[in-house]
Amino acid sequence: MKAFKRSVALILSFMLIFSMCMISVSAAETEETSSVVYLKPNSNWLIGNARFAMYVFNSKTNTWADMADEDEDGYYEGTIPEGDWTGIILCRMNPNTTTNSWSNKWNQTSDLTVPEGMNCYTVKEGTWDKGGGSWSLYTPGVEPTTAETEPTTEQSFKYSVAGDAGLCGSAWDPADAANAMTDEDGNGVYEITYKDVPAGTYSFKVTNGTWNSSWGEGTGNCSVTLNKTSDVTIKFNETTKKIEIVSDGAGEFVLQHMTVVGDEELVGAKWDPDAAEGIMSLDENGVWTITFKNVAAGTYSYKFVANNSYTYNWTVEGYFNSSLNSEIVVENDNSDVTLTIDVSAYDFNTKKGTVTATANVTCDNPTEPTESTDPTEPTEPTQPVTTDYYLFGTINGENYGCEEDWENIGDYKFVDGKLSAVFDSVSYVAVKTGDNTGWYMTDGWAGITKSVTLYSTSLLGEDANKLIVPEGKVDFTLVKNEDGTLTLSYESENEPVIPTEPVTDPTEPSEPATDPTEPVTEPTTAPATEPTQPTTEEPSDGTTLYMAAPVFKEGTTWDEIYLTYSSTSNVSTATKLPMVKTDRLYYVSGEVAGSLSTNANWAVYKITLTDEQVAAINASNYAGFTDKFNSLRTNYVWSNSIFRANTDTEGYKAAKTPVEDLNGKMFVIKDAASLTNKASFLGNWVSENGSPCAGVYYAASPVVNETTAMGDVYFRYGTSSTPGTAVSVRMLKTDYDYVNTAECAMLQQGKWTVYKLELTAEQMQAADACNYTGFTSAYGAEIRTDFTYSHSVTRAKVGEYNAKYNSAKTAMADLNGKMFFFVDSAAQNTRSYLGYWGKYNGSIKTVTIRVAAPNEVNGVAINSLKLAYGSGSELSSAKFIEMTATNEVFAPDSIETSLISNDATWTVYEAVITADQYNEINKVTRFGVVSGDSKLRTLYSWSGNLLRAGIGSYEYPYDTTTTATVESLNGAMFVINGCAPQNKLVTMTGYWAA
């Protein structure tokens, strides 16, 4: 049979060559009817007994065809169905399914065309999705020849622009090479120019060619408004991640009209921002209004957009640029629906201000109103869903519906809020809309439960999670709640069990990208005496791994480190093994970026693993380092598992390194992943593990002229009086204060922060050899000790202050454990100071937080308050700090909700928070205020964290791109004067008053 098949194939090959000589037809114009195509999978694609299929398409239609390796020669054969196809995609399919669909696809090639004279595509080794490959002519039994390599997306460009089709030509396609950015002069600034762009408003982001990393305005898109047809140049600085838009047609946004978009049964056109049916009228009060007549009974979704563009869109509840839509319930046929929106107090150019909207239904024969619910009780879900919703997540061990794989999954579609599905294994699911505009997930890991509340991911940040469901038949129910959330519940005869064995997951899930402003890295300089890197510590019995814990730019550290591993990307359910802090230090100079500090000694942690633990980690596809709350971690995705990181060189590889092969090596973090500051990090292994700490020193950072603090503090040593050329070692901020009582015209009395310096023996010897030593702020340019030969801090007196320093230096070993005290200026009106060494003198820091709360909200009394914080979504898992009522009288500048009476009185509460407590609050994702009976609270979520609230004035939603620290709010007062639209009966909002 095989010989016959090969003979037929040879005859067909000769016929094909002969026909090609007679008639030349471009493959770009049409694929040959009923041609045979071969697929040579790489080793990745052969994992999991996958099957294979082809997908062919043109502008009007498409179809699938199976591919099989019947002669077991490693080449999978398929016949292209008859038709004039313009493209083909070769796919790796789920072997547990028999039908071909995007929901059953595991991996795929890019869009391909079969080159003339070729018939076999070989997938590039080491790749998964769209990783490239090569075409060749294959004859069964004969090695393929004349390979033509297909360039991969990764090789063709580094950055691209993805955005509106009116700007980019293609709509939001990061892989479109036509939108590739270039750096012609090699200065690290990439750019692209679009010619003759019509007037209008356009949105876009800069990407790395995929949606794994993207940059915009904060966490959103960039936008440009053109007042005339003109060229647009977009520039991207790959170091600062700043985006610049250059165009002579760019101008301020000018509002032309507001439009309602939504369901066709309400608006008359289905979600079309250009439809005339939705254009609103402007009345004499500056309010935009529209009335839809004779609307049938039903539930309808809608939202407001400006100038026919989704760049500016709102829900009636006030959400801006959200995936949420508003819904309105019409109870009677032939009703009139009137929608209004007032944007007169909104600045479209700064995207700040207040927007108010209303929705009203009127009917000649209204039904009797139903009895209202108790406002103190949460509203029960009552509305069945009418929008098309689908499950997405990790289903049967594979990712479906996520990132670039946004195809709707027919087998997992809800019909009238119901869905029955059969799962081959434990799965993790959430819900999305059919048009991919709404993504709903749990607020943190919910554990094993049969019912969860799903929130829009725009409100959740990186705490968004999924519901675990068992294998076997599962019957789902999906209900839309009045507050815009969804309730997902299920019934099944089985109970979910969190898998202990690893699940093969060839897809590479990505983390959400953000675009925080990166602090400027301090320039490094050649040290006078370069500290040598340490010898390697001998590992103990077992497999010992090390990790260098980063110091951040504000002088804080990553404490409490765990080695974490699991079979899924859900870090909340992973196994966590605590690491032990050693006495070793690892000096980092100019090797890191983002929020990480250079010129600092990083603490070294270690863990010694048993053979059983090594085996379990080797069997897991996900591994990393995390802190106690998972708020600091290495990037916890398949492709960035720490055991895929290289050794002694940066980058990651597809294959994992066995844990035992890394015995004695240390993982060093080098950069933030996806530009998330102090969240997820990348790094590599090094063949060293630091040197022992030999000396500890302290210095109290002075406050100068009431307003200026030293801020970042460095110890510097060098061979000249220029601090900028000296070796610098960043000092660590402690949780202690020093109370200064000394009188000096330039220095303020009161609390000064104590900083700590840890040095290795090599660094102490290098400092002893230098004639210039001192303490400075960043760059050594602002506040410092007098950096001169005679005033080197190693010549300062020990035990008491004297402006006349010693002529001989004191060895660093003899200053071990002592603290340097700033006492006096070196000269009048300068910022150089003198001091002395003395006994450590610090007291634990405390912070006072105050909260002003109305005595009643919506008829519910507030008699007591407590602070709540944690990383879980439920208050039952939170930690609490009781607050004490004061006698202070307070009235807010404004009241932002009708739930608080204009006649209400406010009580001021306060709590004293210790350093241990505020350090935890700074690390967890949730921080809020709860009434004593827990009936009222501030919004207890990632986006509702009080540290994100506005300072000085009320603004909601809060700014999720920046987060204050508890210390920075010492003495400030949080004023409760508003409510959160998504649950206005129980969740309050506010702002920080000075």
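Begin with helix α6, residues 761-768, and pick out its buried residues: Gln763, Met764, Ala766 and Ala767. Turn the view to look down the axis of α6: these buried residues fall within an arc of 160°, so they line one face of the helix. Bear in mind throughout that this is a predicted model.

**Salt bridges**

The structure holds 13 salt bridges.

Select Arg51 and Asp66, which form a salt bridge with their closest N and O atoms 3.8 Å apart. Arg51 sits in strand β2 (residues 51-57) and Asp66 in strand β3 (residues 62-67), so that the pair links distant parts of the chain, 15 residues apart. Is Arg51 buried or exposed? Its relative accessibility is 17%, and because the cut-off for buried is under 20%, Arg51 counts as buried.

Next, select Lys628 and Glu920, whose side chains meet in a salt bridge at 3.6 Å, N to O. Lys628 lies in the loop between β41 (622-626) and β42 (633-634), while Glu920 belongs to helix α7 (residues 915-923), so the pair ties together parts that are 292 residues apart in sequence. Lys628 is partly exposed, with a relative accessible area of 36%, whereas Glu920 is buried, at 17%.

Then go to Asp712 and Arg730, another salt bridge, with the closest N and O atoms 3.3 Å apart. Here too the pair links distant parts of the chain: Asp712 is in the loop between β47 (708-709) and β48 (714-718), and Arg730 is in strand β49 (residues 727-730), 18 residues apart. Asp712 counts as partly exposed at 24% relative accessibility, and Arg730 is buried, with a relative accessible area of 5%.

**A cavity**

Rolling a probe the size of a water molecule over the atoms shows where empty space is left. How many cavities of 30 Å³ or more does a search of the whole structure find? The search finds six.

Go to the second largest cavity, which has a volume of about 60 Å³. To display its lining, select Ile862, Leu865, Val929, Val930, Ser931, Leu936, Arg937, Thr938, Ile976 and Met988. Strands β64 (926-931) and β65 (937-938) each supply at least two residues of this lining, and β64 gives the most, with three. Colour the lining by class to see seven nonpolar, two polar and one charged residues.

Technical notes:
Residues numbered from 1 in each chain as written. Predicted model: local features only at pLDDT ≥ 70, side-chain atom pairs only at ≥ 80, totals over all residues. Heavy atoms only, no water. Buried < 20%, exposed > 50% of the residue type's maximum accessible area, 1.4 Å probe, protein only. Helix = DSSP H or I, 4+ residues; strand = E, 2+ residues; numbered from the N terminus. Arc of directions from axis to C-beta. Salt bridge = Lys/Arg side-chain N within 4 Å of Asp/Glu carboxyl O. 1 Å grid on protein atoms, 1.4 Å probe; cavity = no way out; pocket = protein on both sides within 12 Å on 5 of 7 lines; lining within 4 Å. Points joined across faces, edges and corners; volume = space filled by probe spheres on them. Nonpolar A, V, L, I, M, F, W, Y, C, P; charged D, E, K, R; others polar.
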